[in-house]
Amino acid sequence: MLLTPEKVRIITGNEDADFPGTDKLLSEKLMRRHASWEIMVVLAGEYVYYLNRHFYLASPGTIFLIDGNIDHEYFYSLDADKLRHLWFFGGNGFQKLLAQYIKVDNGVYDTVERISLDYPVKNLRMKWAVLSENSTLDLKEEMIHLIRCTIEYMKSNCSDNIMYQRNIVRMTKRRIKQSLRHGMSLDHIARLGGYSKFHFTKIFKEYTGFTVLEYVNLCRIDKYKKLRRKQMRKKEIAYELGFSSLSSFCNWMKKQEL
């Protein structure tokens, strides 16, 4: 998409809504607010986005400036399709500006790439803070520059993304080991890293050689052997390994030939 100031629309949530807030629209949205700020750039596709009690058309060229502690849409609704969005995250505690390129098809989102950028955020925030009709052009040009820098960086250098993926896989392996007793769904694990279940499964297999379920099983076997050495009863071991019943634990033992 070719971005020029004339084709860019800035939305902060203070503008008049594009759509009335119907009960149906509200029921399809998940809202949240937090201290950090975000920017959503629409590269392709159309979507109705919720920001600060208003509904706006998110079409190519629209840039949403989501300030800290402002109500906004947290997750894409199930009717989202053929969307390509570029997200930026910043705020207190962020050493760098984080950028994330997201694809959404048939209600399922994938984080295609995620990187950290050395970018003069202070200039961007200053122009954002004094946003008015007279300063809109400056902010649009700043945003176009940021978008172009980000896309070029994503094309030429994916090392940060690889490191991020490795860290997510490492964190996931640790969380699986720590959560055997209580269990953790694959959807929840994938969401922690900002990925869809399908995309995360591919990444995990690529870096570990195992599917997530295979790795969970290996962790269970390892913990089972350690607990057996402590002479714990089967019922206690079943609980520690996250089985809902003793019979399902016994069936698992048979399959593993333990």
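D71 is partly exposed, with 22% relative accessible area; the cut-off for buried is under 20%, so D71 does not count as buried. Keep in mind that this is a predicted model. Searching the whole structure turns up 13 salt bridges, and D71 takes part in one of them, with R33. Here's a quick tour, starting with those charged pairs.

**Salt bridges**

- D71 and R33 pair up with their closest N and O atoms 3.0 Å apart.
- That pair links distant parts of the chain: D71 is in the loop between β6 and β7, R33 is in the loop between β2 and β3, and they are 38 residues apart.
- D118 and K96 also meet through their side chains, at 3.7 Å from N to O.
- D118 counts as exposed at 68% relative accessibility, while K96 is partly exposed at 36%.
- K226 and D222 form a salt bridge at 3.3 Å, N to O; they sit four residues apart in helix α7, which means about one helical turn separates them.
- Both ends of that one are partly exposed, K226 with a relative accessible area of 44% and D222 with 41%.

- Six strands make an open sheet with mixed pairing, in the order β1-β6-β3-β8-β9-β10.
- β1 and β10 stand at the edges with a single partner strand each, so one side of each has no neighbour in the sheet.
- On average, neighbouring strands are turned by 20° against each other, ignoring direction.
- β3 and β6 run antiparallel and are joined by four bridges, with V41 standing opposite I63 in β6.
- Helix α2 packs on this sheet, touching β3, β6 and β9, and its direction makes about 90° with that of β3.
- β8 and β9 pair antiparallel over seven bridges, and β9 pairs with β10 in the antiparallel sense over nine bridges.
- Follow I102 across: it is the bridge partner of H85, and its own partner in β10 is T111.
- In the β9 and β10 hairpin, two residues lie between the strands, and N106 takes a positive phi near 55°.

**Helix against helix**

- The axes of α7 and α9 come within 12 Å and cross at roughly 95°, which makes the two helices roughly perpendicular.
- N217, R220, I221 and Y224 in α7 meet F249, W252, M253 and Q256 in α9.
- By class, that contact has five nonpolar, two polar and one charged residues.

Technical notes
Residues are numbered from 1 along each chain as its sequence is written. This is a predicted model: local features need pLDDT of at least 70, side-chain atom pairs count only at pLDDT 80 or more; totals for chains, interfaces and linings use all residues. Side-chain values use heavy atoms; hydrogens and water are left out. Axes are lines fitted to C-alpha atoms, for helices over the stretch in contact, and angles run from 0 to 180 degrees between N-to-C directions. Angles under 35 degrees count as roughly parallel, over 145 as roughly antiparallel, 65 to 115 as roughly perpendicular and the rest as oblique. Contact means heavy atoms within 4.5 Å. Ala, Val, Leu, Ile, Met, Phe, Trp, Tyr, Cys and Pro count as nonpolar, Asp, Glu, Lys and Arg as charged, and the others, Gly among them, as polar. Two strands pair if DSSP finds at least two bridges between them. A salt bridge is a side-chain nitrogen of Lys or Arg within 4 Å of a carboxyl oxygen of Asp or Glu. Buried means under 20% relative accessible area, exposed over 50%, partly exposed in between (1.4 Å probe, protein chains only).
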